[in-house]
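Me: I have a structure open and would like to go through it. Can we start with one of the helices?

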Amino acid sequence: MLYQRAGVVIAVSSSILAVATYLLLGPSPLLALWIGLAVVGASMALTPPEPRPVNVSKLVLDAFENVERVLEALGARGSAVLVPTDSGVYAVIGDSVDPSRLSSEDVRSRLVLRAGRSLAVSLKVPLPEVESESPCEALGETVVDRLGIATGLECVEDESRGELSARFHNAKAVGFSRMSEVAGPIHGVIAAALLARIRGAPARVASWRRVGSDLEVRAEVLRS
Amino acid sequence: LRVDRSFLANTVLAILVTVATCSLWSAGERRIDVYVALYTLSYFVVKAVLAPRRKGVDWLAIALAATFFACVAYRVWEVLSR
């Protein structure tokens, strides 16, 4: 908050000096200098406090580790569908899960539920809150800025086809083998979960592959 | 070293504003609207390139754009009324 307060002080004092300069000297380059300083101060004041990426990262990765433990204990197989609900995004994992047959209430309240002919496991995806309404922006903010599990992101969303293609630079390898098997790498799970949350429809990780230290992921919205 | 892009954007903006002010001042420019136009341009370039995070609505962008258009309108009116 110190940074933001410094911004307010700079903006207010520059504005006062600008008015005084205008009254004493009229329009002059000195007046422009104060206006410029006021712009910089206002920009500082409008900057929200820095999120604490290390702490958020640890919390979210620990939560994902717990998801991994549950999946391992249940011997989960099949594939995952990320289902958005009022209280967050849930990963429904099972053989041939049909999202159109899932009840939002069951997904929210049950650990094991019936999905078509087989049983599926429903687990809440731990995601930090992001304000952006664009899946690509939200993905960059989550994976790069907050979690720090990649150093950069190239992301394209094809809204008409409901697809998102992302390339994570220097994607940190997070060793969740069972989760990778059923839902894809953590980067992909987050991409699909954000896509599901923002587009308000079930999504999944369609494909992923490692390219050197980078990771390419394609997530898609499942249209019923 | 990880630098938050919002803080980086403010630093780059401060550098651009300083460069713009020094350049125009040394060129003997006294019209305030020229300075404001360059500040506005700098702000929107930084905003487009670095996409800094903002608390709520970006009032600064709105204020700068409004001031810029007011300056342009004033200049156009000045030319037309000659």
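Reply: A:Val19 sits in helix H1 (residues 2–25) of chain A. Helices (H or I, at least four residues) are DSSP runs, numbered from the N terminus, as are strands (E, at least two). This is a predicted model, where local features need pLDDT of at least 70, side-chain atom pairs count only at pLDDT 80 or more, and totals for chains, interfaces and linings use all residues. Residues are numbered from 1 along each chain as its sequence is written, chains are lettered from A and ligands numbered from 1 in the order in which they are written, and side-chain values use heavy atoms, with hydrogens and water left out.

Me: ok, chain B then. How many helices and strands?

Reply: Chain B has three helices and zero strands. From the N terminus on, the order is α-α-α.

Me: And what share of chain B is buried?

Reply: Of its 82 residues, 35% count as buried (under 20% relative accessible area; exposed is over 50%, partly exposed in between, with a 1.4 Å probe and protein chains only).

Me: Where is B:Ala51?

Reply: B:Ala51 is in the loop between helix H2 (32–50) and helix H3 (59–80) of chain B. Its phi is near 45 degrees, a positive value in a residue other than glycine.

Me: Buried or partly exposed?

Reply: B:Ala51 is partly exposed, at 39% relative accessibility.

Me: What about A:Asn170, what is its phi?

Reply: Phi of A:Asn170 is near 45 degrees, a positive value in a residue other than glycine. A:Asn170 lies in the loop between strand S6 (163–169) and helix H6 (177–183) of chain A. A:Asn170 is partly exposed, with a relative accessible area of 43%.
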